[in-house]
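Welcome! Have the sequence and the 3D view ready, and try each task yourself before you read its solution.

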Amino acid sequence: MAPEMIPIEGEVNKKRVCYFFDSDVSGFHYGPGHPMKPTRIRMCHSLVMNYGLYKKMEIFRAKPATKREMTQFHSDEYVDFLSRITPTNMNNFSKEQHKYNVGDDCPVFDGLFEYCSISAGGSMEGAARLSRDKCDIAVNWAGGLHHAKKSEASGFCYVNDIVLGILELLRYHTRVLYIDIDVHHGDGVEEAFYTTDRVMTVSFHKYGEYFPGTGELRDVGIGKGKYYALNFPLRDGVTDENYKSVFEPVIRSVMENYDPGAIVLQCGTDSLSGDKLGCLNLSMRGHASCVRFVKSFNKPLLLLGGGGYTMRNVSRCWAYETGLAAGVELGAEIPMNEYYEYFGPDYELDVKASNMEDLNNPEYLERVKSIVLEHLRHVGGPPSVQMQDVPRMPVDAVLEDPNEDEDMISKDERRPQRLLDSRRQADGELSDSDDEGEGGRKNHASHRERESAPLSPTTGRRFGAAVGIMSTGTTHGVGPSAATVAPVAVTAAPASAAAGSSGQSDMDIDDDSSSGQPIASRARSKSNALGPDTTAPTNGTLPAPPAPMQAIE
Ligand SMILES: [Zn+2]
């Protein structure tokens, strides 16, 4: 029987979908036992192709992002470091490794920079095609690496493809909305746009003794960006129904109040039930209903990947969501593909929820929702951004003349996005609301940690929670779909071993024996995300509005 693609009923406007995939992505390995496995992108792609979705969309291999493109957000020094460090020479870079937080959760591996280039290239090109009206939805599952900071790797992320994609969108759109449904707080993206009203960030995530420790309800942005960052902290075990009961009203209100020109949706699948590092209880359909809902607003939409550490479920969910983007429901039966045996014993597409307890009771969700909606009322309609105040960026000229020597452009001009404010937050601005009112649930140890956490010297933001990304929560959910692959011995393999294999590389198995073995997750006083050279004010630093439309082929 041919794999099913059932047209979605009632969908009037077919969307033009651009899908980005680079087959090289599965050839990179974070190292033995590391939960982040780039092969999951190839597994997803295998489902996408074998369901026949190539008939419904255009498939691209993006041009890998260049160093210069990365420095539109990241510091020159950090990008240069990423491009130079290898497993062979890393001993010569021990000081830099510490400075840039590379080595533990974010290891040095063969092809690291190429991997970052592929991830970022897909998001930037996806954004570019959206902006130039080449498509309605762009999909890059190799992107969504939301923890990366300006000068620091974090949480398995090195280069923040999302920030780079949003910067591209800002050249054509006055306002961009960023939504994050990964189980972890979208800290890198929030921080990048914390002081501007041209990007609204909305993150739904587990909060409380959980990586990265940021994303409190009361963190709403500062300066011009105040109330343009929203956080919805969740407890363990949230169900589809409860997630939807807050996601849809919040996003609907965001759309009414902010009216963005484009939307970026980070679809981290570690929020699924049974994820190796996650603690929520979403089914595939619950997760995907967020995609469906965001899509229903008919705005240019960039769909990105992110976390997701139970590979067979990551690939199921993203394949299904690719189908939704293209206007079809994938049938329940997994088609034959190179990773077929991973999907046993049922060989079905669905990722089901488990019976874990939902610690988000209706009262809690209602109270947090009402506070978030109250924050949104401060927005009070779409901001009027005076785009003409923003000078045309040197990067436009660079793009128009690809042969121009980047060294001819001064470093400061090359990096037009001085995104981050340097003002210390006024006392009291953080105390207008409180999400910790549930008496007995309050975690005092965690609270103390946060109180003593260092303030960033440049933003005054408090960086908290000494919890590594690989520390799982106490009530880790194991759904029916989570316990089907037997642990397989993990051995080191050359980076090229898995590329083109039938998916049986020893590096690629969901190795349950490795979970709960943090690779020295550690807390750091994150004070250098802004870099020492970020002293310019925020205004006048974001991309200028559209020059005449240009084809990007
Ligand atoms: Zn995550």
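The exercises below go through this predicted model, each with a worked solution.

**Exercise 1. Getting an overview**

How many helices and strands does the protein have, and what percentage of its residues count as buried?

*Solution.* Start with the secondary structure: there are 14 helices and ten strands. Next, turn to burial: 53% of the 553 residues count as buried. Finally, look at contacts between residues at least 6 apart in sequence: 80% of these join residues at least 24 apart.

**Exercise 2. A strand and its neighbours**

Find strand E8, residues 262–266. Decide whether its residues are buried or exposed, and work out which strands it pairs with.

Step three is the pairing. Strand E5 (residues 176–180) pairs with E8 in the parallel sense, over five bridges. Here Leu177 has Ile263 as its bridge partner. Strand E9 (residues 301–304) also runs parallel to E8, and four bridges join the two. In this pair, Gln266 stands opposite Leu304.

**Exercise 3. A covered helix**

Why is helix H6, residues 161–170, described as largely enclosed by the rest of the structure?

*Solution.* Check the helix residue by residue. Among the buried ones are Asp161 and Glu168, along with Ile162, Val163 and Gly165. The count for the helix is ten buried residues out of ten, so H6 is largely enclosed by the rest of the structure.

**Exercise 4. Two helices packed together**

Describe how helix H1 (residues 39–50) packs with helix H10 (residues 311–325).

*Solution.* In general, two packed helices are described by the angle between their axes and the distance between the axes. For H1 and H10, the angle is about 45° and the axes are 8 Å apart. The two helices are therefore oblique to each other. Their crossing is right-handed.

Now look at the residues that meet. H1 contributes Thr39, Arg40, Met43, Cys44, Leu47 and Val48, while H10 contributes Met311, Val314, Ser315, Trp318, Ala319 and Thr322. As a general point, an α-helix has 3.6 residues a turn, so residues three or four places apart point the same way.

**Exercise 5. Backbone details in the loops**

*Solution.* Begin with the prolines. Pro212 is in the loop between strand E6 (199–206) and strand E7 (229–234). The bond from Phe211 to Pro212 is cis, with omega near -5°. Pro345 is in the loop between strand E10 (328–330) and helix H11 (362–379). Gly344 and Pro345 are also joined by a cis peptide bond, with omega about 5°.

Now go back to the loop between E6 and E7, which holds Glu209 and Tyr227.

Notes: Residues are numbered from 1 along each chain as its sequence is written. This is a predicted model: local features need pLDDT of at least 70, side-chain atom pairs count only at pLDDT 80 or more; totals for chains, interfaces and linings use all residues. A residue is buried if 20 or more other C-beta atoms lie within 10 Å of its own, exposed if 12 or fewer, and partly exposed in between; C-beta atoms are placed from the backbone. Two strands pair if DSSP finds at least two bridges between them. Axes are lines fitted to C-alpha atoms, for helices over the stretch in contact, and angles run from 0 to 180 degrees between N-to-C directions. Angles under 35 degrees count as roughly parallel, over 145 as roughly antiparallel, 65 to 115 as roughly perpendicular and the rest as oblique. A crossing is left-handed if the near helix is turned anticlockwise from the far one by less than a right angle, and right-handed if clockwise. Two residues are in contact if their C-beta atoms, placed from the backbone, lie within 7 Å.
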